[in-house]
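Reader: I'm new to this one. Could you pick a single part and take me through it closely, then show how it ties in with what surrounds it?

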Amino acid sequence: AGSETVRSDFLKFCYKHIEEHFIKCKDDGLVYCSLGCGCLYFDWELLNLLNERLSIAQVWLVDPAFRGTSDSAEARALTAFGRWFSG
């Protein structure tokens, strides 16, 4: 009990700090890297929020699970993720 908002609070925390840094740097686009990202749900949530206000130049996703078979949950998530953000 009491942990219901931990995920959404952490998402907001990450979004706020990335946005503040990005606005100060005025880069050509955000380069996002996620390590050990599994099935990409958190990354999808965060990038979906960031994409509303920031330009995303590159996304790097690193997880040994992506080396598995093409029918693994992680491989399916990676394919869906790529399709979602490619336009």
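Author: **A close look around Ile18**

Setting aside residues up to four places away in sequence, Ile18 touches Leu30, Leu46, Leu50 and Leu54, where contact means heavy atoms within 4.5 Å. A word on what you're looking at: this is a predicted model, with local features needing pLDDT of at least 70 and side-chain atom pairs counting only at pLDDT 80 or more, while totals for chains, interfaces and linings use all residues. Residues are numbered from 1 along each chain as its sequence is written, and side-chain values use heavy atoms, with hydrogens and water left out.

Ile18 sits in helix H1; helices here are DSSP runs of H or I with at least four residues, strands are runs of E with at least two, and both are numbered from the N terminus. Is Ile18 buried, exposed or partly exposed? With a relative accessible area of 23%, Ile18 is partly exposed (buried is under 20%, exposed is over 50%, and partly exposed lies in between, using a 1.4 Å probe and protein chains only). Ile18 and Glu52 are 34 residues apart in sequence, and their C-alpha atoms are 13 Å apart in space.

Along with Leu40 and Leu47, Leu46 and Leu50 have the most contacts inside the largest nonpolar core, which has 15 residues. Such a core is a set of buried Ala, Val, Leu, Ile, Met, Phe, Trp, Tyr and Cys residues joined through side-chain atoms within 4.5 Å. Helix H1 (6-25), strand E1 (30-35), helix H2 (41-53) and helix H3 (73-85) are the elements giving two or more residues to this core. H1 gives the most, with four residues.

Now for Leu47: not counting residues up to four places away in sequence, Leu47 touches Tyr32, Ile56, Val59, Phe81 and Phe85.

Leu47 also brings in the packing of two helices. H2 and H3 pack at an angle of about 5°, and their axes are 11 Å apart; axes are lines fitted to C-alpha atoms, for helices over the stretch in contact, with angles running from 0 to 180 degrees between N-to-C directions. So H2 is roughly parallel to H3 (angles under 35 degrees count as roughly parallel, over 145 as roughly antiparallel, 65 to 115 as roughly perpendicular and the rest as oblique). On the H2 side the contact is made by Asp43, Trp44, Leu47 and Asn48, and on the H3 side by Phe81, Trp84 and Phe85.

How many salt bridges does a search of the whole structure find? There are two, a salt bridge being a side-chain nitrogen of Lys or Arg within 4 Å of a carboxyl oxygen of Asp or Glu. In one, Arg7 pairs with Glu45, with the closest N and O atoms 3.2 Å apart. This links distant parts of the chain, since Arg7 is in helix H1 and Glu45 in helix H2, 38 residues apart. Arg7 is partly exposed at 42%, whereas Glu45 counts as buried at 17%. The side chains of Arg53 and Glu19 also meet in a salt bridge, at 2.6 Å from N to O. Here Arg53 belongs to helix H2 and Glu19 to helix H1, 34 residues apart. Arg53 is exposed at 57%, while Glu19 is buried at 12%.
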